[in-house]
Amino acid sequence: QGYIQAAAFQDSRGIYVEAEEVQGDAQSGFTFKGQPVERNFGKMGKSLKNAVTPDDMYEAYGADTLRLYEMAMGPIDQDRPWETRSVIGSQRLLQRVWRNIVDEDTGELVVSDDAMSDELARTMHRTIDGVRADMDNLRFNTAIAKITELNNEITKLDGPTPRLVAETMVTMLSPLVPHVAEGLWLMLGGEGTVTRATFP
């Protein structure tokens, strides 16, 4: 399994300083307590003082967002660079999924039992096929990309989301974002817990 890498900073003596307290950027230069520091990259951890605590991420974005971001970063067997600002992209995906199923103002479902278009049905089945293969091979990043494409197609709909595609998307998301998926599953009237639902 690949490492999560992050920027680490050394002062003039070569001693690592707390990355969270470093100011500046690549163009203007980096400083720590007013003194210039040099940036390099390494495995995230205590020794390089560049760790990001999960508790802070949970507090700011929620556990599911952190899970989704880590799995979307790239192949699980390769080193991947951490970028806190990029976590927002995963948060926005979850917000778009939610809005395609639940009205933000009323909290009511915005799904319909009407049949979906042939085009959306084909997209949904291609997504199921691709996500199944990706999950079987632990390619979470490409599975997330395929689910994102399906959600984008739902966003383009003029009207409510067809129930079948909503339930399918929630079921595919459940191994990735269990808390959000469970909430949506219950709102959709799913039986029991989504973790026991048959994967599409």
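Biologist: How many helices and how many strands does the protein chain have?

Modeller: The model is a predicted one. Its protein chain holds 200 residues, of which 38% count as buried, and the C-alpha atoms fill a box of roughly 65 × 40 × 30 Å along the principal axes. The secondary structure of the protein chain comprises seven helices and eight strands.

Biologist: Of the contacts in the protein chain with a separation of 6 or more, what percentage is accounted for by residues 24 or more positions apart?

Modeller: A contact here requires heavy atoms within 4.5 Å. Among contacts with a separation of 6 or more in the protein chain, the share from residues 24 or more positions apart is 62%.

Biologist: What part of the accessible surface of the protein chain belongs to carbon and sulfur atoms?

Modeller: The accessible surface of the protein chain comes to about 11,800 Å². Of that area, the part belonging to carbon and sulfur atoms is 48%.

Biologist: Which strand supplies the largest share of the lining of the largest pocket?

Modeller: The largest pocket has a volume of about 560 Å³, and 19 residues line it. β1 (4-10), β3 (23-25) and β5 (35-43) each contribute at least two residues to this lining. With three residues, the largest share comes from β1.

Biologist: Which residues of the lining lie nearest the centre of the largest pocket?

Modeller: The lining of the largest pocket divides into 11 nonpolar, four polar and four charged residues. Of the 19 lining residues, those nearest the centre are Ala7, Phe9, Ala19, Glu83 and Thr84.

Biologist: Is β1 mostly covered or mostly uncovered, and how many of its residues are buried?

Modeller: A residue counts as buried under 20% relative accessible area. By that criterion β1 is mostly covered, and the number of buried residues among its seven is five.

Biologist: In which sense, parallel or antiparallel, do β1 and strand β6 pair?

Modeller: Strand β6 covers residues 80-81 and is joined to β1 over two bridges. The sense of the pairing between β1 and β6 is parallel.

Biologist: How many bridges join β1 to β5?

Modeller: β1 and β5 run antiparallel. Their bridge partners include Ala6 with Gly42 of β5, and Ala7 with Phe41 of β5. The number of bridges joining β1 to β5 is six.

Biologist: Which residue in the turn of the hairpin formed by β1 and β2 has a positive phi?

Modeller: β1 and strand β2 (residues 16-17) pair in the antiparallel sense over two bridges, and Gln10 has Tyr16 of β2 as its bridge partner. Five residues lie between the two strands of this hairpin. In the turn, a positive phi of about 90 degrees belongs to Gly14.

Biologist: In the hairpin of β4 and β5, which residue takes a positive phi?

Modeller: Strand β4 (residues 29-32) pairs with β5 in the antiparallel sense over three bridges, and the bridge partner of Phe32 in β5 is Gln35. This hairpin has two residues between the strands. The positive phi, near 55 degrees, is taken by Lys33.

Biologist: Why is Asp134 classed as buried?

Modeller: Asp134 has its place in helix α4 (residues 118-136). Not counting residues up to four places away in sequence, Asp134 touches Arg139, Thr142, Ala143 and Lys146. The cut-off for buried is under 20% relative accessible area. Asp134 is therefore buried, because its relative accessible area is 4%.

Conventions: Residues are numbered from 1 along each chain as its sequence is written. This is a predicted model: local features need pLDDT of at least 70, side-chain atom pairs count only at pLDDT 80 or more; totals for chains, interfaces and linings use all residues. Side-chain values use heavy atoms; hydrogens and water are left out. On a 1 Å grid over the protein atoms alone, a cavity is a set of points where a 1.4 Å probe fits but cannot get out, and a pocket is an open set with protein on both sides within 12 Å along at least five of seven lines; lining residues have an atom within 4 Å of a point. Grid points are joined across faces, edges and corners, and a volume is the space filled by probe spheres set on the points. Helices (H or I, at least four residues) and strands (E, at least two) are DSSP runs, numbered from the N terminus. Ala, Val, Leu, Ile, Met, Phe, Trp, Tyr, Cys and Pro count as nonpolar, Asp, Glu, Lys and Arg as charged, and the others, Gly among them, as polar. Buried means under 20% relative accessible area, exposed over 50%, partly exposed in between (1.4 Å probe, protein chains only). Two strands pair if DSSP finds at least two bridges between them. Accessible areas come from the Shrake-Rupley method with a 1.4 Å probe; for residues, only the protein chains shown count as cover.
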